[in-house]
Amino acid sequence: MISASVKKLQGRLAIILGAPALAAVGILVLLWSDPIHGPGLLPCFFHGLTGLYCIGCGATRALAALLHGDLAAALSYNLFMMIWLPWPAYALLGEWLRALAGRRIIPPIKDTRPLLWALLVSAILFFILRNLPWYPWNWLAP
């Protein structure tokens, strides 16, 4: 029977090794598929069914543009994702560093309720505004 400390160490190792491996795979997929100039990875089923842009439309192209260092293009593909990306990135980095060091390195976000409300309201507004056909809102479409 495996002791609790060995299981805890196995979990930490899974995070320490798995997170960078998943990030590397994601980066390689974005570099290999070239969603900016090519057809992309997956078509948006919501857009295909309704003709409307969901809040995720353009996110793959935005990540690819960000990976190539083109912040302006990344913002134009999906402004919503680019604004909210630092929050999960910070949380994931914090968990990875905690697994690596065995203690918290960067402080966690204490109360996420205001962030979750802001995320919900901004997602609804972004969805509505990016589907309006006139200026200035039409530039929110990918």
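Residues are numbered from 1 along each chain as its sequence is written. Because the model is predicted, local features need pLDDT of at least 70 and side-chain atom pairs count only at pLDDT 80 or more, while totals for chains, interfaces and linings use all residues; side-chain values use heavy atoms, without hydrogens or water.

I start with helix α1, residues 4-33, and helix α6, residues 86-101. Helices here are DSSP runs of H or I, at least four residues, numbered from the N terminus. The α1 and α6 axes, lines fitted to C-alpha atoms over the stretch in contact, come within 8 Å and cross at roughly 130 degrees. On the α1 side, the contact (heavy atoms within 4.5 Å) is made by Arg12, Ile15, Ile16, Ala19 and Pro20. Helix α6 brings Glu95, Trp96, Ala99, Leu100 and Ala101.

Next, helix α3, residues 59-67. Ala59, Ala62, Ala64 and Ala65 are buried there, meaning under 20% relative accessible area with a 1.4 Å probe, protein chains only. The buried residues of α3 pack against α1, α4 (71-77) and α5 (79-84). After α3 comes Gly69, with a positive phi near 80 degrees.

Last, the cores, sets of buried Ala, Val, Leu, Ile, Met, Phe, Trp, Tyr and Cys joined through side-chain atoms within 4.5 Å. The largest nonpolar core has eight residues, including Ala73, Tyr77 and Met82. To this core α3, α4 and α5 each supply at least two residues. A second, separate core of six residues includes Phe80, Trp87, Phe126 and Leu140.

Note on methods:
Axes fitted to C-alpha atoms, helices over the stretch in contact; angles between N-to-C directions. Buried < 20%, exposed > 50% of the residue type's maximum accessible area, 1.4 Å probe, protein only.
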